[in-house]
Amino acid sequence: MAERGAHLTAAAADDRPSIFEVLAQDSLMSAVKPALQHAVKILAESNPARYGILWRIFDEIYATLDLLLQHHFLSRTSASFSENFYGLKRVATDSARPACRGLPRKQHLRSLLLLALLPYLRAKLEKVFARQRDEDDFSIRLPQSLAQKMYRAFLAAYPYACMAWEGCTFCHQLLYIFGKTRTHSPLLWLADVKLSYLTAHDVRNLDLKPSGPALSPSQSIGEKVRQVFSTVMGGVEVSLSTGLSLGVFFLQFLEWWYSADNQSTIRSLTSLPTPPPPLHLEDRVTSPACSKICPFCRKVRANDTALATSGYVFCYRCIYTYVKANHRCPLTGYPSELQHLIKIYSPEG
């Protein structure tokens with residue numbers, strides 16, 4: 001049984017990544033966009049006049065930044081951001097080119113379009129489909145022109161097209177698991193590339209790869225402007241990659257921090273223990289009147305008031321004065337505030 005399942009975690013006599021690695025890198029970028037979108041939404045709601053435009057054109061801004069980011073990683077490491085994050089690289093199916101030299105131009109352009117442009121178009125189609133569905137719920141108008149009919153037919157067929165695409169992706173992944181194909185996604189097949197591991201030679205060459213040629217006095221004005229623009233764009237791409245790398249680590253930390261297992265552990269570690277009984281009342285535990293004694297002033301309680309953080313019952317005047325001045329329970333030392341005081345109404349009162 002173990003031998004039959006070995007292909008799930010290890011490649012069969014080649015450098016193919018496991019299905020878990022390729023699926024993990026696929027899900028990495030899908031978690032970044034919702035996080036950035038939520039941050040922009042908070043900014044837009046806090047100041048619509050200043051940041052509202054960021055929310056309205058968020059898809060275009062994200063697509064542009066994604067294009068720059070993926071272009072930087074494809075040029076430098078022959079991989080997308082998420083693939084490089086997991087130590088993978090893209091290799092042309094008919095070439096054994098080192099990662100430091102980048103992908104061939106055709107595969108580079110295909111990869112760039114499928115990584116940045118296709119998700120943008122799909123997001124726009126999703127919004128158009130959702131808006132049209134909402135309009136159809138409150139409208140009974142029938143399409144009149146041929147263009148409207150074709151538009152409605154396209155929207156009606158869109159969910160089935162998405163379902164067919166997901167089914168094709170699933171079948172592709174099954175074939176990848178059983179070693180029948182070199183790629184786990186139809187997008188990689190369309191880009192004419194496959195995934196493999198970064199080798200030590202690739203990493204060493206990437207570290208030694210120069211950032212670009214220096215300016216020369218013999219260059220023309222146009223060449224200098226083009227080179228300065230390329231340098232600036234390279235700096236923007238590096239800043240995006242560095243910031244996004246830190247952001248991914250932060251997102252994974254937040255995902256772990258707010259997970260159900262971690263929250264139960266935090267509650268078990270931070271829950272307050274049951275406080276012990278007051279020492280000065282232990283010798284009077286058999287006395288019928290001990291239940292009416294205030295543990296603070298050691299007199300009969302007046303206007304019984306319980307402190308929620310510790311569970312003890314005091315005179316209202318005693319506990320109110322002490323908590324207001326010291327912000328803690330006088331017996332256990334637990335942090336307490338005035339809102340933790342609970343008035344106890346006895347049947348006799």
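Where is Ser78 found? Ser78 sits in the loop between helix 3 and helix 4. We'll come back to that residue after a look at the model as a whole.

**The overall picture**

What you have here is a predicted model. The protein has 349 residues, of which 30% count as buried. Its secondary structure comes to 11 helices and five strands. Among contacts between residues at least 6 apart in sequence, 57% join residues at least 24 apart.

How confident is the predictor? The average pLDDT for the protein is 76, and 65% of the residues score at least 70. Over residues 281–286 the pLDDT is below 50, and that stretch has four contacts in the model beyond near neighbours in sequence. Residues 6–13 also stay under 50 in pLDDT, with nine contacts beyond four places in sequence.

**The largest pocket**

The largest pocket has a volume of about 1,300 Å³, and 43 residues line it. Nearest its centre you'll find Leu114, Leu118, Pro119, Arg122 and Leu187.

Which helices supply at least two residues each of the lining? They are helix 1 (19–46), helix 3 (58–77), helix 4 (81–85), helix 5 (105–137), helix 6 (146–177) and helix 7 (186–191). Helix 5 gives the most, with 12 residues. Sorted by type, the lining of the largest pocket divides into 22 nonpolar, 11 polar and 10 charged residues.

Leu118 counts as partly exposed, at 36% relative accessibility. Leaving aside residues up to four places away in sequence, Leu118 touches Leu113 and Leu187. Leu187 is 69 residues away from Leu118 in sequence, yet their C-alpha atoms are 9.8 Å apart in space.

**Two residues with positive phi**

Back to Ser78, as promised. Most residues other than glycine have a negative phi. Ser78 is not a glycine, but its phi is positive, about 60°. Asn303 has a positive phi of about 60° too, and Asn303 is not a glycine either. Asn303 lies in the loop between helix 10 (260–270) and strand 3 (304–307).

Buried or exposed: how does Ser78 count? Ser78 is buried, with a relative accessible area of 1%. Asn303, by contrast, is partly exposed, with a relative accessible area of 40%.

**Cysteines without a disulfide**

How many disulfides does the structure hold? It holds zero. A disulfide is a covalent bond between the sulfur atoms of two cysteines. Take Cys168: the closest cysteine sulfur is in Cys171, 6.9 Å from its own, which is too far for a bond. The cut-off for calling a disulfide is sulfur atoms within 2.5 Å.

| Residue | Relative accessible area | Class |
|---|---|---|
| Ser78 | 1% | buried |
| Leu118 | 36% | partly exposed |
| Cys168 | 38% | partly exposed |
| Cys171 | 43% | partly exposed |
| Asn303 | 40% | partly exposed |

Notes
Residues numbered from 1 in each chain as written. Predicted model: local features only at pLDDT ≥ 70, side-chain atom pairs only at ≥ 80, totals over all residues. Heavy atoms only, no water. 1 Å grid on protein atoms, 1.4 Å probe; cavity = no way out; pocket = protein on both sides within 12 Å on 5 of 7 lines; lining within 4 Å. Points joined across faces, edges and corners; volume = space filled by probe spheres on them. Helix = DSSP H or I, 4+ residues; strand = E, 2+ residues; numbered from the N terminus. Nonpolar A, V, L, I, M, F, W, Y, C, P; charged D, E, K, R; others polar. Buried < 20%, exposed > 50% of the residue type's maximum accessible area, 1.4 Å probe, protein only. pLDDT = per-residue confidence, 0-100. Contact = heavy atoms within 4.5 Å.
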